[in-house]
Amino acid sequence: MADQPTRGGQKQQQQMQQQVHPSEAIKSLLPQQGPSKSQVLAVVTLFPFGGALLCLAGLTLVGTLMGLAVATPVFLLFSPVLVPAALTIALAVTGFLTSGAFGITALSSLSWMINYMRRMRGTTGEQQVVPAKRWGL
């Protein structure tokens with residue numbers, strides 16, 4: 001029981017030692033020395049480059065918005081023609097993709113059936129090649 005007050009006192013002393021003044025905590029986050037020459041050179045060369053790219057991105061955005069402003073009335077005028085045309089093209093593409101998927105499914109099913117029948121008869125393709133080699137084919 002006599003140990004408890006001393007332990008509590010030790011804990012308070014440790015907490016007091018661990019508490020650091022806020023300015024010291026900030027100083028510990030900062031580097032001890034300044035940037036190197038290569039870091040300064042990288043910032044000096046890449047900062048204008050990044051600014052130029054940012055300007056180009058802004059010009060692209062402005063150009064896109066202007067093009068959209070010009071094209072919107074055209075889309076509205078031609079929408080009775082464009083919407084059915086887009087639907088027709090979308091349906092045609094869907095049909096071709098579906099046809100290809102059905103074709104691949106049919107070929108794989110046919111291949112599976114042929115292999116199944118060969119296994120049922122007990123002959124494989126390699127066993128059928130041997131008689132063909134005897135005949136010189």
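**Exercise 1.** Which residue takes a positive phi just after H3?

Solution. The model is predicted. Go to the end of helix H3, which covers residues 37-121. Just after H3 comes Gly122. Gly122 has a positive phi of about 90°.

**Exercise 2.** Determine how many helices and strands the protein has, and give their order.

Solution. Count the elements: there are 4 helices and 0 strands. Then read along the sequence. The pattern is α-α-α-α.

**Exercise 3.** Compare the end-to-end span of H3 with that of a straight helix, and find where H3 bends.

Solution. Start with the length: H3 has 85 residues. At 1.5 Å a residue, a straight helix would reach 126 Å. Next, look for a bend. H3 bends by about 75° at Ser79. A proline follows within four residues, namely Pro80.

**Exercise 4.** Find the aromatic pair in the structure and classify its geometry.

Solution. A search of the whole structure gives 1 aromatic pair. Its members are Trp112 and Tyr116, with ring centres 5.2 Å apart. The planes meet at 15°. Planes under 30 degrees apart count as stacked, so this pair is stacked.

Now place the two residues. Both Trp112 and Tyr116 lie in helix H3. They are 4 residues apart, about one turn of the helix. An α-helix has 3.6 residues a turn, so residues three or four places apart point the same way.

**Exercise 5.** Are Trp112 and Tyr116 buried, partly exposed or exposed?

Solution. Exposed means over 50% relative accessible area, and buried means under 20%. Trp112 has 53%, so Trp112 is exposed. Tyr116 has 36%, so Tyr116 counts as partly exposed.

**Exercise 6.** Which residues form a nonpolar patch with Trp112 and Tyr116, and how much surface does the protein have?

Solution. The patch also holds Leu110, Met113, Ile114, Met117 and Met120. Together the patch residues have about 760 Å² of accessible area. Turn to the protein as a whole. Its accessible surface comes to about 12,800 Å². Carbon and sulfur atoms account for 72% of that surface. Finally, check burial: buried residues make up 0% of the 137 residues.

Notes. Residues numbered from 1 in each chain as written. Predicted model: local features only at pLDDT ≥ 70, side-chain atom pairs only at ≥ 80, totals over all residues. Heavy atoms only, no water. Patch = residues over 30% accessible without salt bridge, like charges linked within 9 Å, V, L, I, M, F, W, Y side chains within 5 Å. Areas by Shrake-Rupley, 256 points an atom, 1.4 Å probe, with all protein chains shown as cover. Salt bridge = Lys/Arg side-chain N within 4 Å of Asp/Glu carboxyl O. Helix = DSSP H or I, 4+ residues; strand = E, 2+ residues; numbered from the N terminus. Phe/Tyr/Trp six-rings, centres within 6.5 Å; stacked < 30°, edge-to-face > 60°. Buried < 20%, exposed > 50% of the residue type's maximum accessible area, 1.4 Å probe, protein only. Expected span 1.5 Å × (residues − 1). Bend = angle between axes of the 7 residues up to and from the residue.
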